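Here are some questions and answers on a protein model. Look at the structure first, then read on.

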Amino acid sequence: MGSAPSDTPALAVPRSVPRPVQLKIVVAGPFGVGKTTLVGVASEIAALTTEETLTQAGAVVDDLSGVRSKTTTTVGIDFGRLTLRAADPAHPGVVLFLIGAPGQDRFRALWDELTYGALGVLVLADTRRFEASFDVLDLVEVRGLPYAVAVNQFDDSPTYTLGELRRALDLADRAPLTLCDARDRASARDALITLVEHIKEQVLSS
Ligand SMILES: Nc1nc2c(ncn2[C@@H]2O[C@H](COP(=O)(O)OP(=O)(O)OP(=O)(O)O)[C@@H](O)[C@H]2O)c(=O)[nH]1
Ligand SMILES: [Mg+2]
């Protein structure tokens with residue numbers, strides 16, 4: 001008497017719910033190239049940002065060359081999330097955890113932490129100052145991380161063919177290279193999909 005009925009149904013959770021593949025992706029590149037913009041526009045959640053105003057006090061350590069109009073900079077990380085659904089409805093899709101890196105040189109010491117567990121890096125570049133991307137490409141290559149390069153096109157950026165861009169950036173043959181507008185959701189998403197496809201190829205071929 002008073003005991004729970006023995007036919008109480010168990011919680012209706014299927015034994016194996018297909019879970020989406022989760023990938024940590026770092027969005028890197030030099031100061032002011034559009035990393036925070038890209039993470040913010042691509043993310044399906046309100047992206048976490050760590051923007052602080054650039055002040056005179058930072059002028060001795062922060063390089064503003066080429067980006068004089070910028071008034072804030074990332075002082076930690078950006079964080080966003082993007083779910084890519086597969087064409088096959090039975091496939092649970094892929095969830096990207098997007099980590100926007102800080103662009104200032106003084107944050108280089110964070111790179112081991114930033115890239116810990118990351119499966120790939122989207123490196124943004126700006127044709128007005130290519131050389132600014134070389135250090136970041138070195139940081140990625142030295143860690144052996146799969147990467148793709150997306151050239152963020154600003155209104156006053158000189159335009160080049162993809163072949164010219166590849167030569168100018170001295171890119172490894174297998175690294176994908178695309179053009180993007182970091183302010184445009186579809187464009188940002190396409191750049192990330194290019195990286196994810198590259199990661200998949202790398203994993204399958206290893
Ligand atoms: N015209 C144009 N402006 C852009 C584009 N992408 C970003 N911006 C602007 O450029 C500025 C720099 O963008 P951020 O996203 O803060 O750059 P960041 O790489 O995160 O900068 P740090 O974190 O300071 O290194 C912002 O004012 C953006 O609105 C673009 O594709 N075209
Ligand atoms: Mg930023």
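Q: Which residue in β8 is the bridge partner of V149?
A: This is a predicted model, and the pairing is read from it. Strand β7 covers residues 147-152 and strand β8 covers residues 177-180; they pair in the parallel sense over four bridges. In β8, the partner of V149 is L177.

Q: Which helix makes a β-α-β unit with β7 and β8?
A: The two strands pair in the parallel sense. Together with a helix at residues 162-169 they make a β-α-β unit, which is right-handed. That helix is α4.

Q: Is T74 buried or exposed?
A: Buried means under 20% relative accessible area. T74 has 6% relative accessibility, so T74 counts as buried.

Q: How wide is the arc that the buried residues of α3 cover around the axis?
A: Helix α3 runs over residues 134-142, and V136, L137, L139 and V140 in it are buried. They lie on the same side of α3, because the arc they cover around the axis is only 160°.

Q: Which residue takes a positive phi just after α3?
A: The buried residues of α3 are covered by elements including β1, α2, β6, β7 and α4. Just after α3 comes a residue with a positive phi of about 65°. That residue is G144.

Q: How far apart in space are L192 and V27, C-alpha to C-alpha?
A: L192 has its place in helix α5, residues 185-205, and is buried, with a relative accessible area of 1%. Leaving aside neighbours within four places in sequence, L192 is in contact with residues including I25, L38, L82 and L122. L192 and V27 are 165 residues apart in sequence, but in space, C-alpha to C-alpha, the distance is 9.2 Å.

Key
Residues are numbered from 1 along each chain as its sequence is written. Chains are lettered from A and ligands numbered from 1 in the order in which they are written. This is a predicted model: local features need pLDDT of at least 70, side-chain atom pairs count only at pLDDT 80 or more; totals for chains, interfaces and linings use all residues. Side-chain values use heavy atoms; hydrogens and water are left out. Two strands pair if DSSP finds at least two bridges between them. A crossover is right-handed if, with the strands pointing away from the viewer, the path from the first strand over the helix to the second runs clockwise. Buried means under 20% relative accessible area, exposed over 50%, partly exposed in between (1.4 Å probe, protein chains only). The arc is that of the directions from the helix axis to the C-beta atoms. Contact means heavy atoms within 4.5 Å.
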